[in-house]
Amino acid sequence: MNKKISLCLWGILLLEFLYIFTFLLNYDLAWMNSEKFGVRKWILSNGPQWKAEDWSKFLNIDVIECNPYRLSRPLSNFVEVVDSKWRASFWNSMTPHPAVSIQWPFMFILLPWLLYQTFVNMGCFPFVALTGVAVYVASVGFLGPLVMLFHPAKNLANFFGVLSMFFFSLGYKQLPIGEKSGTLPKVNGGILLAGFMALFLGFFSDETGIYLYMVAVLLFHRLWLQLWKIKRYVSLSGLLLLPLLYFLSIKFFLPYLHWLYKGTWIHLNDYESCPSFKTLLWPNWDFFWQNTKYLFADHPHLLINYKQLLAYPWILSIQVIYVMAALLMIFLFFKALFKSDGRSENFIPLIAAGILLMAGYCFFQTFQLSENVKAWGIWWYGSLFSFIYVFPMVFFLQFVFSHYQNLQKWIVVVAFIFVLNGLAFGTYRLAVFKLQNLNRSAYSFMGIFKGTVDPYTSFTFHRALERSYCKRMYAHLYWRHWKNLPEDVDPVQKDKCYSGVLAADFYFMTEENGYLPSELH
């Protein structure tokens, strides 16, 4: 039975990837953020080839961060340099795709496998773990930063978050279950060290990665308590030292590194968007409520504008079925909770920890963005929420289906509904966010939450396919034009083409009566 269930879930995941790569990543929905045009042109000032000075370009935060004081993301800055060079070389043999990235194999192949293994190591049924992976891959928090090629920071923070949780889950797997006691079997110190290192790398990928520390502390609290109980202080010290090492790095090591590079000492406090410490104790509660509302609207999809959906019956029906399935799971959960027979009791604290992490992330975003902007739901700043949200959801499903084994086959239906709703919701969100970013005078970022922007009127599937075909044609002709020119002709424009700056997006952004720019008619 379980093999048949897993086979069906693999089929759902395969269809999901097929939809992502044939539709979501087409030339109409996929794009490169306009903020990166100048940065990538500068990275490719020496062309696609690597030269000695290219290896230190990630330290030039004046250009790559567009800010002379933001020194906290050296890892993602380095990956952006590598990605730009790789893309430029890639275009020597293929028509440029606006969002293709060297990150794709890590994000689409390695990350789902690591997440699946993490859930299994924590005691979940394989089919429940596979459901969690399918739901996470369908979330806009995962897909948004990949459909839009931007700074790789948020992608890396999510990847290193999954990687660190995978290593910690290997130690968690050896914990005694239920009432059993005794000493913890030998845990390979290298596994814990690898987890600490992956967690630490997430810190330097993006500032949101700092919250991964709380994720590790709460989700694996039984592991840390057991290490303390059996006096494994050396193993536990790595976790306790991480905040101190991070503080020393941004306070002394990174400023020193930039002093060697630029000859000036950078103080992190000079960064204009650095949050004020007082907002950690006295946050803006209005912003906290708005962030909570936006994040829960865009991830569990429970706060949807149903007035807008009334005009779109098929989308409304998907959302209603999704809500009914979620409510049914909640009913079964409480029914099992009140007549619990001891099975899967260890998942109750994990569910509670996951819910606490979601609330904590809303607070963290309010603090982190207190000097900048409010979180825009899944739109970039809140992308880590998808990673956090999927953990309590999986533990919740594990608890339900461990108590109702006769209903396990229905998890295929639940997974299909959740994935279908996630992809349908995400497609419209991705489409309207692209319009909002490329045409900020006509679209408001917050309008989608306030009801002034209707994402369902801004996008249709057949029009997206038509536009994708025309944009791909334009990109191919544009690429072939520069590809066939001699090497010494206008290298700046050639680099511009190789770096993926496709003028097609800007031609088609306001196009209403035709699909092709005038020179291609």
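Author: Start with a residue outside the helix. Cysteine 66 counts as exposed, at 55% relative accessibility. Cysteine 66 sits in the loop between α3 (61-64) and α4 (74-90). Its phi is near 55 degrees, a positive value in a residue other than glycine.

Now the setting. This is a predicted model. The protein has 23 helices and two strands. Of its 521 residues, 57% are buried. Take contacts between residues at least 6 apart in sequence: 79% of them join residues at least 24 apart. The protein exposes about 22900 Å², with 67% of that supplied by carbon and sulfur atoms.

Next, helix α19 itself, residues 411-438. Two of its packing partners are described here: α6 and α1.

Take α6 (residues 126-138) to begin with. The axes of α6 and α19 lie 8 Å apart, at an angle of about 10 degrees. Angles under 35 degrees count as roughly parallel. The pair α6 and α19 is therefore roughly parallel. On the α6 side, the contact uses Phe127, Val128, Thr131, Ala134, Val135 and Ala138. On the α19 side, they meet Ile411, Ala415, Phe418, Val419, Gly422 and Leu423. By class, this contact has ten nonpolar residues, two polar and no charged.

Then α1, residues 2-24. The axes of α1 and α19 come within 10 Å and cross at roughly 10 degrees. That makes α1 roughly parallel to α19. From α1, the contact draws on Ile5, Cys8, Leu9, Ile12, Glu16, Tyr19, Phe23 and Leu24. From α19, it draws on Ile411, Val412, Ala415, Phe416, Val419, Leu423, Thr427 and Leu430. The residues divide into 14 nonpolar, one polar and one charged.

How far to trust it? Mean pLDDT for the protein is 83, and 87% of residues reach 70 or more. Among the elements, helix α5 (residues 104-121) has the highest mean pLDDT, 96. Helix α23 (residues 504-509) has the lowest, 44. Over residues 498-521, pLDDT stays under 50. The model has 63 contacts beyond four places in sequence for that stretch.

Technical notes. Residues are numbered from 1 along each chain as its sequence is written. This is a predicted model: local features need pLDDT of at least 70, side-chain atom pairs count only at pLDDT 80 or more; totals for chains, interfaces and linings use all residues. Side-chain values use heavy atoms; hydrogens and water are left out. Axes are lines fitted to C-alpha atoms, for helices over the stretch in contact, and angles run from 0 to 180 degrees between N-to-C directions. Helices (H or I, at least four residues) and strands (E, at least two) are DSSP runs, numbered from the N terminus. Angles under 35 degrees count as roughly parallel, over 145 as roughly antiparallel, 65 to 115 as roughly perpendicular and the rest as oblique. Contact means heavy atoms within 4.5 Å. Ala, Val, Leu, Ile, Met, Phe, Trp, Tyr, Cys and Pro count as nonpolar, Asp, Glu, Lys and Arg as charged, and the others, Gly among them, as polar. Buried means under 20% relative accessible area, exposed over 50%, partly exposed in between (1.4 Å probe, protein chains only). pLDDT is the predictor's confidence in each residue, from 0 to 100. Accessible areas come from the Shrake-Rupley method with a 1.4 Å probe; for residues, only the protein chains shown count as cover.
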